[in-house]
Amino acid sequence: MVTTTPGRTPARRAADATTELAVRVRGLHKRYGEKQAVDGLDLDIGRGEIVAVLGPNGAGKTTTVEILEGFRERDAGDVQVLGEDPAHADRAWRARIGVVAQDSRDRAELTVAEEVRSTARYYPAPADPDEVIAAVGLAEKARARVRGLSGGQRRRLDVALGIVGRPELLFLDEPTTGFDPQARRSFWGLVRGLRDSGTTILLTTHDLDEAAHLADRVVVVRGGRVVASGTPDTLGRPEARTPVVSWTAGGESRSERTTAPTALVARLAATAAGPDGEIADLRVVRPTLEDVYLELVSHEETDR
Amino acid sequence: MSATTPTTDAPLPGAGRLSLVRAGLELRQFLRERDAVIFIFAYPIVMMAIFSTVFGAADQGSAAQGVEVDFARYFLPGMIATGVMLTSFQSLAIAIAVERDDGTLRRLRGTPLPAVAYFGGKVVLTIATSLVQTAILLAVAALAFDVALPTDPGRWLTFAWVFLLGTATGTVCGVAFSSVPRSGRSATAVVTPVVLILQFTSGVFFAFYMLPAWMQTAASVFPLKWIAQGMRSVFLPEEMVVLEPSGSWQHGATAAVLVAWLVAALVVGVRTFRWRRRDEG
């Protein structure tokens, strides 16, 4: 490894105290055989922020997150998570992070309450297990065996186990897969509540609606690098954000991108409206995060 | 830790206490898998019943040399040895391979649970199941098969150290071997034949003195032969030592081989243990 990892000298600890970054990544590289999975990735996550990392499959998201979690070694780059290098993480550091991984399918013979309570005991200052169970909506299932849970309940248990240690930094990997819309909404409320109590959250998701609702900032990863970063409302090039006004005039459908849709509609009302004063098929569409994301990703593809 | 992180002001829970937490979970899970409980405790007894019924008429030993015992008594030491191997080596190798495959280990790795507490829980479970299994086997042998159990404290001392050292070696070998199966699904298929072959060649199902010399030599490399031999020295009459290929119970060699396996498996296990599936890199 070509990383530089200064020890926890007093100076370093003082630097930790002043830095407001929960995660700081510079020039991260990771190669699997011929494939460069992560190729010079930079990432900053401020304390108390919810950051969503988006990107197509194979973009390097999972590899990056696993390096941050201390599960995987890197080839090069500087990584600081809560002021420490995850590659040399100790128990005290582990007590400060929470991991909700994808694809956990352990079929324990334990009950939900037993799982959450025992996990809480691994941590120095855990939350009340029963409150956590209630917060993820599993109070009615507290005495049910884990193996009998549905996919969505299982996922909520994963989240409960990830947050019961009251982590400063929480990794959520596609947390709402298998949730029904109502459960998803209440889960978003739970995540916002965590953020409001000071938890930093790194969310990876394919659900752009989720990213738009939850994230303070969205980071798009492609080809092992960050290709765009911004709030869900400002991500992408300005023109990608420009509303589109579409209408039908003379049996022909037309559309126009404009930063002043109201003015355009007023103009159309004067010039293109029918005898009843209506503009046929009038629509004003503001691009969603999904539109912007797809444009970003396909834009990158044509670049390559 | 720095004082700016209030959640870490509380001390981390100690590894000893967490080992007990894990042990409680392991025992609870084990007892809830009723099929496994029945299999583990009943298997040596059922095997002993079958073999004693089939071969019950033929005493084991050599009438010419004046050393003969009935089959159940001859069979008991091998069954104790195989029980130790099943509850330690086989159960652990399969259980850990499954827990690696289904993400349990990965999840635990993401918590501040120290590795030693995870293994501590496994060790407590192994000792508990081995003790209960052996106790049941001894009781059934004495009450149902009229096997005379030794009364000499020296023999029970031998029993104690062979049992403990055998269980410890089997446990560590099981942890190390758990990395061999490629998935949880293949774990049983990979581990079971190893155990079966050792059982047939180590004097568990067949009397060791009847095996060909080359098979005796091959089996002598592995721990099960030595655990079985140590148990024979406890439960068979002293004069039956003449049937041992070496002409002695070889307690020194037994201890040496078991300790060698314990240390080797510990080194290999520490170096190769994985918290995640192979396909996760």
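The model is predicted, so local features need pLDDT of at least 70 and side-chain atom pairs count only at pLDDT 80 or more, while totals for chains, interfaces and linings use all residues. Residues are numbered from 1 along each chain as its sequence is written, chains are lettered from A in the order in which they are written, and side-chain values use heavy atoms, leaving out hydrogens and water.

**An enclosed helix**

- Helix α4 of chain A covers residues 112-120; helices here are DSSP runs (H or I, at least four residues) and strands are E runs of at least two, numbered from the N terminus.
- Eight of its nine residues are buried, so α4(A) is largely enclosed by the rest of the structure.
- Buried means under 20% relative accessible area, using a 1.4 Å probe and protein chains only.
- Among the buried residues are V112(A), E114(A), V116(A) and A120(A).
- The cover over these buried residues includes α5 (129-135) and α6 (151-163) of chain A, along with α1 (15-32) of chain B.

**A helix pair in chain B**

- Two packed helices are described by the angle between their axes and the distance between the axes.
- For α1(B) and α2(B) (residues 34-55), the angle is about 90° and the axes lie 5 Å apart.
- That makes the two helices, α1(B) and α2(B), roughly perpendicular, a label for angles of 65 to 115 degrees.
- Axes are lines fitted to C-alpha atoms, for helices over the stretch in contact, and angles run from 0 to 180 degrees between N-to-C directions.
- F30(B), L31(B) and R32(B) of α1(B) meet R34(B), V37(B), I40(B) and F41(B) of α2(B), where contact means heavy atoms within 4.5 Å.
- This contact has five nonpolar, no polar and two charged residues.
- Ala, Val, Leu, Ile, Met, Phe, Trp, Tyr, Cys and Pro count as nonpolar, Asp, Glu, Lys and Arg as charged, and the others, Gly among them, as polar.

**Two pockets**

- A pocket is an open set of points on a 1 Å grid where a 1.4 Å probe fits, with protein on both sides within 12 Å along at least five of seven lines; lining residues have an atom within 4 Å of a point.
- The largest pocket holds about 1,200 Å³ of space.
- Its lining has 43 residues, with E33(B), I94(B), A95(B), V98(B) and E99(B) nearest the centre.
- α3(B) gives the most to that lining, 10 residues.
- The second largest pocket holds about 590 Å³.
- Of its 24 lining residues, G70(A), F71(A), R72(A), R109(B) and W275(B) are the closest to the centre.

Definitions and conventions: Buried < 20%, exposed > 50% of the residue type's maximum accessible area, 1.4 Å probe, protein only. Parallel < 35°, antiparallel > 145°, perpendicular 65-115°, else oblique. Points joined across faces, edges and corners; volume = space filled by probe spheres on them.
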